[in-house]
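Reader: I should be grateful for a close look at one part of this protein. Please begin with a single residue and its helix, and then relate that part to the rest of the chain.

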Amino acid sequence: MALSRGLRHPFGSIYRRLGHPTSSWHGYSTLTTKSIPVSNDEVGHISCFITKYAHSISAPGIFLRKYTAIASASDQMNLIKQLRERTSAPMKDVKSALVDCNWDIEAAQKELRRRGVVLASKKSSRTAAEGLLALAQNDNKAALIELNCETDFVARNEIFQYLALSLAKLALLVEDSSQQGSGVFAAVPEHLEELKLNLDHPKLSGEKTVQNAVTELAAMMGENVRLRRGFAMLKTSPGVLSTYLHTSPQPGLGRIAGIVSLEVDDPHTSLDLLQQFGSELAMHIVAAKPLFLTKELVSSDALESEREILKSQAQASGKPQMAIEKMVEGRLRKYFEEVVLMDQKFVVNDTMNVKTVLNNLSKDIGSPVKIGSFLRVEVGEGIGRLEAANESDPVAQAS
């Protein structure tokens, strides 16, 4: 009796309203009502009463959705905002998860993660040719990883950049028995994916395997995200490791990377001039795109292929065979200047080639200087061709 006296409208009127339910986007009717106090010792709100006894109310073609609590419009907007800040998930996904979880933000966050893992697995077959290179280094080692996504928009996201840098720092700490001596070594992504890292970002935190962290990031971004490849360069002789990142949104990140090791015979040599030249040479490697360190290291296949192309071009001129051979040799020298690091014109001073600059530096510091290894990597290079031909990743390196 207390209940019926406390209501402004008789229960029958509420029952009749169920015959005209409000429409929702889920394809069934949803009943919402203002909270109306009944009495202190009865049910506190009319909404709670309806939720509690909804199973006893029936009408043809009517489905009454049950809520443990009905959030006001302002509360709903606040919950949507909070969950968006926590997860960076799209607005429609955030709202859908909250509705399905009766506006329980903790349950909705777990539901978003569950949905995200499923969606990430579905997106894994899509081409991801954008992204960033992340670099970490110490005095004797430099580690570089490539983290790919589908759009440049995601590559600019601070969570994406945070994970990329975290992966590079992890790769720097990896002790691999195959990485012995100086030179460039490939870091197999499958080996890195099983390693664990501790993340400390408001939206990506805790101890996770690399694979799980990448999957969780893909779920947040709504794109295919993958760790494509990694490299490490080690220095065991006296000298310096120099690096350069092009199109760098913040330190340690970029779209093109150049890494070079310079070695000297005398361990007591001052390294100031060596470091300056190393920085310039790393920038040169990014700009000039060398493929080989010296002529002797040009592969026989590449040389033979280039010779055949040049010979065909020369024969089209209709000149005598002797002239054709001279033309081919002259154009081969031009080819070496384009692809061999030591023969390239130095970008900082194009009146000299790199070999001459290196000889002059050796005289200035009083000890022979040589290039131990170099590496040039660019985001997304060759992905379209690789997917068609199923080939290995291209990369310019020498050691």
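Author: Glu329 belongs to helix 13 of this predicted model. With a relative accessibility of 38%, Glu329 is classed as partly exposed, because that value lies between the 20% limit for buried and the 50% limit for exposed. Along the chain Glu329 is 22 residues away from Arg307, and the C-alpha atoms of the two are separated by 8.5 Å.

Helix 13 covers residues 321-339, which is 19 residues.

Which residues of helix 13 are buried? They are Ile324, Met327, Val328, Leu332, Tyr335, Phe336 and Val339. The spacing of such a list can be read with a general rule in mind. An α-helix has 3.6 residues a turn, so residues three or four places apart point the same way. The buried residues of helix 13 pack against helix 12, which runs over 300-315.

Helix 11 (residues 272-288) packs with helix 14 (residues 354-365) at an angle of about 170 degrees, the axes being 11 Å apart. Helix 11 is therefore roughly antiparallel to helix 14, since an angle over 145 degrees counts as such. Helix 11 contributes Leu273, Leu274, Phe277, Leu281 and His284 to the contact, while helix 14 contributes Val354, Val357, Leu358, Leu361, Asp364 and Ile365. Sorted by class, the contact of helix 11 with helix 14 holds nine nonpolar residues, one polar residue and one charged residue.

Asp272 is also part of helix 11. Its relative accessibility of 58% means that Asp272 counts as exposed. Asp272 and Val240 are 32 residues apart in sequence, and from C-alpha to C-alpha they are 9.8 Å apart in space.

A second pair consists of helix 8 (residues 158-173) and helix 10 (residues 210-221), whose axes come within 11 Å and cross at roughly 170 degrees. Helix 8 and helix 10 are therefore roughly antiparallel to each other. On the side of helix 8, Ile159, Phe160, Leu163, Leu167 and Leu170 take part; they meet Val210, Ala213, Val214, Leu217, Met220 and Met221 of helix 10. The contact of helix 8 with helix 10 comprises 11 nonpolar residues, with no polar and no charged ones.

Glu263 is located in strand 9, which spans residues 256-264. Is Glu263 buried or exposed? Glu263 counts as buried, because its relative accessibility is 9%. Apart from neighbours within four places in sequence, Glu263 touches Ser182, Ser237, Pro238 and Gly239, as well as Pro368, Val369, Lys370 and Gly372.

Two loop residues call for a remark on backbone angles. Most residues other than glycine have a negative phi, and most peptide bonds are trans. Asn102, although not a glycine, has a positive phi of about 55 degrees. Asn102 sits in the loop between helix 5 (91-100) and helix 6 (105-123), and its relative accessible area of 23% makes Asn102 partly exposed. For Thr247, too, phi is positive, near 55 degrees, in a residue other than glycine. Thr247 lies in the loop between strand 7 (239-246) and strand 8, and with a relative accessible area of 48% Thr247 is partly exposed.

These parts may now be set within the whole. The protein has 399 residues, of which 42% are buried, and contains 15 helices and 13 strands. Of the contacts with a separation of 6 or more, 63% join residues 24 or more positions apart.

Finally, the confidence of the prediction should be considered. The mean pLDDT of the protein is 79, and 74% of the residues score at least 70. The pLDDT is below 50 over residues 1-68, a stretch that has 67 contacts in the model beyond near neighbours in sequence. Where pLDDT is low, the predicted coordinates should not be read in detail.

Methods. Residues are numbered from 1 along each chain as its sequence is written. This is a predicted model: local features need pLDDT of at least 70, side-chain atom pairs count only at pLDDT 80 or more; totals for chains, interfaces and linings use all residues. Side-chain values use heavy atoms; hydrogens and water are left out. Axes are lines fitted to C-alpha atoms, for helices over the stretch in contact, and angles run from 0 to 180 degrees between N-to-C directions. Helices (H or I, at least four residues) and strands (E, at least two) are DSSP runs, numbered from the N terminus. Angles under 35 degrees count as roughly parallel, over 145 as roughly antiparallel, 65 to 115 as roughly perpendicular and the rest as oblique. Contact means heavy atoms within 4.5 Å. Ala, Val, Leu, Ile, Met, Phe, Trp, Tyr, Cys and Pro count as nonpolar, Asp, Glu, Lys and Arg as charged, and the others, Gly among them, as polar. pLDDT is the predictor's confidence in each residue, from 0 to 100. The expected span of a helix is 1.5 Å times one less than its number of residues. Buried means under 20% relative accessible area, exposed over 50%, partly exposed in between (1.4 Å probe, protein chains only).
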